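Have a look at the model first, then work through the solutions step by step.

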Amino acid sequence: AALFRGAHVELGLIDAGSEEAGMSEGQLRARVVAAQREERWAPAAVGGELDAACQQEQQRRADAAIWAARADTETDPAQAGRLRADAATAALEADSLREHVAVLEVADEARALHLTDTAVTRDLGERSGGELRARGIDVHDTSDRVTAEEWLTAHRAAQAEDDQRVEIDEHEVSDTRGDDTRPADFDEQPAPVDEHAGETAVPDIRDTAAPHPTERTEQPRGSMRAPDETAAVVARAQDAVAEVRNRKAADDARAASDRAEATETARADTLTRWAEDDRGAGRDAHTREDESVLER
């Protein structure tokens with residue numbers, strides 16, 4: 001890593017990784033994991049399929065127009081009928097492709113929305129991954145990782161083992177059963193629920209979703225998905241759009257709350273300043289009055 005950074009400086013390259021260079025391995029790994037979690041719910045990549053569908057639609061509409069024109073100039077009635085039938089079939093296929101294109105456009109727009117919303121997180125993850133590789137650390141090596149459940153189990157086992165070795169002094173034990181001064185009819189009520197607080201009971205899409213197979217590789221060019229596969233792509237795109245909208249709504253609510261808090265703080269500061277000015281003016285008036293008395 002030192003040789004890499006030294007060469008970077010000597011070559012006069014842009015110093016875009018100075019922030020990552022000063023971060024710990026844990027911080028860098030956290031950024032990489034955050035980027036991977038955002039990638040899990042990305043809509044399917046349908047750019048190639050959308051391009052192919054548009055070209056096929058244009059081709060079928062051109063075929064329909066050409067065959068209809070040839071049928072109008074054809075002298076053989078049988079041949080003219082076949083051309084008109086082919087033109088009608090091509091027009092129907094073009095209409096079907098138009099519907100498919102509209103569906104793919106929805107998925108493609110959803111993917112663009114997701115990429116825009118997660119651009120910062122993915123960029124930080126890519127930069128952090130590069131810094132880890134420069135340090136000789138394999139980002140994909142999970143052999144040394146411990147899950148939260150494993151850590152909690154080990155922590156509880158260690159606590160239980162420590163509790164068995166701790167000697168309890170009788171003076172440290174007190175009976176507080178008679179110290180309850182609450183009335184007999186006291187009924188504990190749950191804390192009031194904030195209706196404007198964010199919903200935390202819903203599952204996180206970053207935990208429930210899995211990366212789509214097209215996240216790294218798109219469909220072969222010219223291939224078309226089956227109707228059920230297309231429906232799944234659209235459903236995934238709709239979930240992604242809903243997630244982005246919910247995030248934006250939460251960000252807007254948080255920004256509005258911050259603005260309201262800043263306004264209230266500024267108002268309190270203004271009132272405090274006015275009060276101090278009034279007290280200062282009163283002190284000045286009292287001082288002048290005392291001086292006048294002394295002069296008399």
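**Exercise 1.** Which residues of α3 meet which residues of α6, and how do the two helices cross?

*Solution.* Keep in mind that this is a predicted model.

Step 1: start with the contact itself. On the α3 side we find Glu25, Leu28, Arg29, Arg31, Val32, Ala34, Ala35 and Glu38, and they meet Thr121, Arg122, Leu124, Gly125, Ser128, Gly129, Glu131 and Leu132 of α6. Sorted by class, this contact holds six nonpolar, four polar and six charged residues.

Step 2: turn to the geometry. Two packed helices are described by the angle between their axes and the distance between the axes. Helix α3 spans residues 25-40 and helix α6 residues 119-134; their axes come within 8 Å and cross at roughly 135°.

Step 3: name the arrangement. An angle over 145 degrees would count as roughly antiparallel, and α3 and α6 are therefore oblique to each other. Their crossing is left-handed.

**Exercise 2.** At what angle do α4 and α5 pack, and what classes of residue make up their contact?

*Solution.* Step 1: helix α4 (residues 47-73) packs on helix α5 (residues 77-117) at about 160°, and the axes are 8 Å apart. So α4 is roughly antiparallel to α5.

Step 1: the handedness of the α4 and α5 crossing is left-handed. The contact of α4 with α5 has 16 nonpolar, three polar and 14 charged residues.

**Exercise 3.** Which residues line the largest cavity, and which helix gives the most to the lining?

*Solution.* Step 1: count and size. There is one cavity of 30 Å³ or more, and the largest cavity holds about 30 Å³ of space.

Step 1: list the lining, which is formed by Arg29, Val32, Val33, Gln36, Leu132, Val139 and Arg145. By class, these are four nonpolar, one polar and two charged residues.

Step 2: assign the lining to helices. α3 gives the most, with four residues.

How values were computed
Residues are numbered from 1 along each chain as its sequence is written. This is a predicted model: local features need pLDDT of at least 70, side-chain atom pairs count only at pLDDT 80 or more; totals for chains, interfaces and linings use all residues. Side-chain values use heavy atoms; hydrogens and water are left out. Axes are lines fitted to C-alpha atoms, for helices over the stretch in contact, and angles run from 0 to 180 degrees between N-to-C directions. Angles under 35 degrees count as roughly parallel, over 145 as roughly antiparallel, 65 to 115 as roughly perpendicular and the rest as oblique. A crossing is left-handed if the near helix is turned anticlockwise from the far one by less than a right angle, and right-handed if clockwise. Contact means heavy atoms within 4.5 Å. Ala, Val, Leu, Ile, Met, Phe, Trp, Tyr, Cys and Pro count as nonpolar, Asp, Glu, Lys and Arg as charged, and the others, Gly among them, as polar. On a 1 Å grid over the protein atoms alone, a cavity is a set of points where a 1.4 Å probe fits but cannot get out, and a pocket is an open set with protein on both sides within 12 Å along at least five of seven lines; lining residues have an atom within 4 Å of a point. Grid points are joined across faces, edges and corners, and a volume is the space filled by probe spheres set on the points.
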